[in-house]
Amino acid sequence: MDTRNFHFPSFAFMFIHCFMISYAIIVRNLTTDQRALLEFKNQIFDPRNILADNWTTNTSACNWIGVSCAAKHRRVRALNLSNMGLTGTIPSHLGNLSFLDSLDLKNNSFHGHLPTEMGQLSRLKFIKLSVNFFSGEFPSWLGMLNKVLYLNLRNNNFTGEIPWEIRNLKSLETFSASNMRLVGSISASIFNIPSLKYIYLNGNNLSSNLPGDMCRRLPKLELLYLHRNEFSGQIPSSIGECSNLQNLSLALNRFSGIIPRSIGNLTKLKELYLGVNSLEGEIPLQIGNLRELQVLALDENKLEGEIPWEIRNLKSLETFSASNMRLVGSISASILNISSLKYIYLNGNNLSSNLPGDICRRLPKLELLFLHKNEFSGQIPSSIGECSNLQNLSLSFNRFNGIIPRSIGNLTKLKELYLGVNTLEGEIPWEIRNLKSLETFSAPNMRLVGSISASIFNISSLKYIYVGGNNLSSNLPGDMCRRLPKLEQLYLFSNEFSGQIPSSIGECSNLQNLSLGENKFNGIIPKSIGNLTRLKVLYLNGNNLEGEIPLQIGNLRELQVLYLDENKLEGKVFFFFLFHL
């Protein structure tokens, strides 16, 4: 008992001594972290004074906004200052935060080079520096941070090549360096990191071919975004070996050759973007194997032939884009049999045949249908009004005939309607005024007749009206501008409109383009036309207008084009308004 009592003070002293040493180390380390953060604070501009009022020596750095410390050793573990509107440069002292495993400075206005001392942050796993103004060459010291899982540098001003040292990041799963000025090949760098799952390199000037063994190098790859670069050569025939790929975007490059048939092996693929390249040949029928595909974009290549019927197997497809190519034949057996489709872009091909009467029942989710500049013919189905989700419909520059079906007035979600340059005839049905969301109505160069007062001029949401080159007639209503308060462009040229231009025309305050040329308007040019201060284009030529040119035209300071010829106008051309045009 005495022995135990004798040794207790010694034991207590040793315990206290060790505790004090440990506490001193923690305090010293925390002081190191605090000093590094205060240096960081001193080099940035904080417009909302978030850090100025909070990052002070009166409180522990672990309690500062954006700072997180580890529970065990109380060292700074994470720094999150995203979306704070901060400006400035990153000091070298940041490299002293030796326990940092997460750095998030995204969506600010930081600039300058990243200090090489950041290569000392060996515990870093997450680096988020996107949407800033960092500059200089892509930092090679990033290759020293071999624990990094997530690296996002997109939307900065980095230049040069991606250094080969980046391939040392053997744990990296996500790499994002899009929308910058990077050049050169990625074969020796990015394509040598087998752990990668997500690669975002779109919007640079990267070049070279894709290596034939790309999929073997990147066995875990799920997403590859390389669009808007300078890649060239053929898409490797081995692309089908990337068995985990879900998103592939190679659009807006210089790829040539055919779409490899092996692409049909990518059965997990959800998005495929190959548009705006120089791909040729036919659409491979093996694409029909991609049952998970939601987006298929092939537009603006040199593809030809028919759309294979196998494509109707894509029961999850929502967007199909194959515009401006050399496709021919019917789409009834292929595209029009995919009930999941919402957006169809097939404009600018040589597709033909009629539209089936049950098109809306086949495509119940359809929101956009672009078929302009093809060879479609026959009548627009009277059942078109059953496409209740349709917001954008473009059938212009085809060979459709007959009338505009009255059921089109049932498309109450429609925002854009393009019917022009067909052989449609008859009146514009009054039911069209039910389209309360319609912003654009385009039906030029056809055989339309009658008045538009009861139809088009009763859609208050309209901004753009193009009905030139028809046989439309009647007067313009005096309350036209009150009926169309959002009107920006009105093209009525080459019709049979008559009567006077309403004196209330000056109330169309948003009007930028007004084309009334080649009609039968008479009377004077109303003085109120000088109130259209946003007007850029004014065609009044080829009518029976008389009297003098009103001085008020001189108020149209934005006017770029003015045609008044072939009327009965008289008097002097006033230099006052010519000086201001």
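**Reading charges in a predicted model**

Student: Leaving aside neighbours within four places in sequence, which residues is Asp299 in contact with?

Tutor: Asp299 is in contact with Gly275, Val276, Ser321, Ala322, Ser323 and Met325, once neighbours within four places in sequence are set aside. Bear in mind that this is a predicted model.

Student: Where is Asp299 found?

Tutor: Look in the loop between strand S21 (295-297) and strand S22 (302-306).

Student: Is Asp299 buried or exposed, and which side chain of opposite charge is nearest?

Tutor: First, the general idea. Side chains of opposite charge can pair when their charged atoms come close. Now the case here. Asp299 is buried yet has no salt bridge. Its nearest side chain of opposite charge, Arg228, is 9.7 Å away.

Student: How many salt bridges does the count come to?

Tutor: The count is 13 salt bridges. One of them joins Asp101 and Arg77, with the closest N and O atoms 3.7 Å apart. That pair links distant parts of the chain, 24 residues apart. Asp101 sits in the loop between strand S4 (87-88) and strand S5 (102-104), and Arg77 in strand S3 (residues 76-80).

Student: Why does Asp101 count as buried?

Tutor: Buried means under 20% relative accessible area. Asp101 has 16% relative accessibility, so Asp101 counts as buried.

Student: How far apart are the closest N and O atoms of Lys106 and Asp104?

Tutor: They are 2.8 Å apart, and the two residues form a salt bridge. Asp104 is at 5%, so Asp104 counts as buried. Lys106 is partly exposed, with a relative accessible area of 22%.

Student: What about Asp479 and Arg483?

Tutor: Their side chains meet in a salt bridge, at 3.2 Å from N to O. Asp479 is partly exposed at 26%. Arg483 is partly exposed at 23%.

Student: Which residues form a negative surface patch?

Tutor: Glu280, Glu282, Glu304 and Glu306 form the patch. Take Glu280, which lies in strand S20 (residues 278-281). Its relative accessible area is 41%, so Glu280 is partly exposed.

Student: Is Glu137 buried or exposed?

Tutor: The cut-off for exposed is over 50%. Glu137 has a relative accessible area of 63%, so Glu137 is exposed. Find Glu137 in strand S8 (residues 133-137).

Student: Which residues does Glu137 touch, not counting those up to four places away in sequence?

Tutor: On that basis, Glu137 touches Phe158 and Thr159. Compare His113, 24 residues away along the chain: the C-alpha atoms of Glu137 and His113 are separated by 8.3 Å.

Note on methods
Residues are numbered from 1 along each chain as its sequence is written. This is a predicted model: local features need pLDDT of at least 70, side-chain atom pairs count only at pLDDT 80 or more; totals for chains, interfaces and linings use all residues. Side-chain values use heavy atoms; hydrogens and water are left out. Patches are made of residues with over 30% relative accessible area and no salt bridge: like charges are joined within 9 Å, nonpolar side chains (Val, Leu, Ile, Met, Phe, Trp, Tyr) within 5 Å. Accessible areas come from the Shrake-Rupley method with a 1.4 Å probe; for residues, only the protein chains shown count as cover. A salt bridge is a side-chain nitrogen of Lys or Arg within 4 Å of a carboxyl oxygen of Asp or Glu. Lys and Arg count as positive and Asp and Glu as negative; His and the chain ends are not counted. The place of a charge is taken as NZ of Lys, CZ of Arg, CG of Asp or CD of Glu. Helices (H or I, at least four residues) and strands (E, at least two) are DSSP runs, numbered from the N terminus. Buried means under 20% relative accessible area, exposed over 50%, partly exposed in between (1.4 Å probe, protein chains only). Contact means heavy atoms within 4.5 Å.
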